[in-house]
Amino acid sequence: MAPVLEGLAKFGHMVNLDLLGDFLEVLREVADDIINENINDNTLSNSQVRQVLLCIVTAFALIANFPSKKIQVDLNKFSEYLYTLLPLLSFDTDVELSYKSLRLMDPSSNSMTPVKPSVNVSTKSELLLRALNSLFFLSRTGSKTLAIAFTKRLYLSALYLPEKTSITILKFIDKLFIKFPELAGLYSTEDRINNGTYNAEVNEVSRANASVTTLWENVLLDKHYSQTVVMGSRHLVKKTK
């Protein structure tokens, strides 16, 4: 699956415009089947998470190859897939590791031979950042509502992710802040009149109601063991004042 997806993303500019919808539908079905079958009991394997990430990256790469004036495609479903994967990635101990990383083999694994793919060598952390950049900066799918919801969930994920990925996420949020200044409202602790409560466990952005919450995670990130993460978190807070 991985070689097919990466090849499709690489040579997407050669795809006939009439076939683009078919490709996107297949990518949506692949990602949808994987998530719907396993998300309820959180049993997504490393390869399944990687496949969904590749589906998302490939879908946005295909659209990026065509002028925006010629085609308008709704990729909101892929943004929901990415939103759904964030909590799973935050607890993934291998999120920054690839097959090249030195590690001991899992004694409970059926196969003691490490898998060495000829393609798809990116770590899941790298695929995540590629997907986020494609969503908010290389397509028209990114919106204020999505930016607010993703910022909140990215902050939650940063509490558990490894140091390098947490730093990269904070840098991404800093970049996102330039495009969506409305994110400043999430850093305010003043009383506001809002409707409803934030639904952190909901995987649908439209139902999460993230605009009513605050980024209390900054308090915990301020006590992070990595000084770089602490400085990044403080920088974002100061930026809103």
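Contact here means heavy atoms within 4.5 Å. With that in hand, let's work through some exercises on this predicted model.

**Exercise 1. Find which residues asparagine 218 touches beyond its sequence neighbours, and decide whether its place is buried or exposed.**

*Solution.* 
Step 1: Locate the residue. Asparagine 218 sits in helix α9, which covers residues 217–221.
Step 2: List the partners. Not counting residues up to four places away in sequence, asparagine 218 touches Tyr155, Tyr187, Ser233 and Val237.
Step 3: Look for polar contacts, meaning N or O atoms within 3.5 Å. The side chains of asparagine 218 and serine 233 are joined by one of 2.8 Å. Another, of 3.3 Å, links the side chains of asparagine 218 and tyrosine 155.
Step 4: Judge the burial. The cut-off for buried is under 20% relative accessible area. Asparagine 218 has 11% relative accessibility, so it counts as buried.

**Exercise 2. Describe how helices α6 and α7 pack: at what angle, and how far apart are their axes?**

*Solution.* 
Step 1: Two packed helices are described by the angle between their axes and the distance between the axes.
Step 2: Read them off. Helix α6 spans residues 144–158 and helix α7 spans residues 163–179; their angle is about 160 degrees and their axes lie 10 Å apart.
Step 3: Classify the angle. Angles over 145 degrees count as roughly antiparallel, and α6 and α7 are therefore roughly antiparallel to each other.
Step 4: The crossing of α6 past α7 is left-handed.
Step 5: Name the residues. From α6 come Ala147, Thr151, Leu154, Tyr155 and Ala158, while α7 supplies Ser166, Ile169, Leu170, Phe172, Ile173 and Leu176.
Step 6: Sort them by class. The contact has 9 nonpolar and 2 polar residues, with no charged ones. Tyr155 of α6 takes part in this contact, and tyrosine 155 is also a polar partner of asparagine 218.

**Exercise 3. Work out which residues leucine 27 contacts away from its sequence neighbours.**

*Solution.* 
Step 1: Leave aside neighbours within four places in sequence; the contacts are then Leu5, Cys55, Thr58, Ala59, Leu62 and Phe78.
Step 2: Take up one of these partners. Cysteine 55 is 28 residues from leucine 27 along the chain, with 5.6 Å between their C-alpha atoms.
Step 3: Check accessibility. Leucine 27 is buried because its relative accessible area is 4%.

Methods:
Residues are numbered from 1 along each chain as its sequence is written. This is a predicted model: local features need pLDDT of at least 70, side-chain atom pairs count only at pLDDT 80 or more; totals for chains, interfaces and linings use all residues. Side-chain values use heavy atoms; hydrogens and water are left out. Axes are lines fitted to C-alpha atoms, for helices over the stretch in contact, and angles run from 0 to 180 degrees between N-to-C directions. Helices (H or I, at least four residues) and strands (E, at least two) are DSSP runs, numbered from the N terminus. Angles under 35 degrees count as roughly parallel, over 145 as roughly antiparallel, 65 to 115 as roughly perpendicular and the rest as oblique. A crossing is left-handed if the near helix is turned anticlockwise from the far one by less than a right angle, and right-handed if clockwise. Ala, Val, Leu, Ile, Met, Phe, Trp, Tyr, Cys and Pro count as nonpolar, Asp, Glu, Lys and Arg as charged, and the others, Gly among them, as polar. Buried means under 20% relative accessible area, exposed over 50%, partly exposed in between (1.4 Å probe, protein chains only). A polar contact is a pair of N or O atoms within 3.5 Å; within protein, one must be able to donate a hydrogen and the other to accept it, and residues adjacent in sequence count only if both atoms are side-chain atoms.
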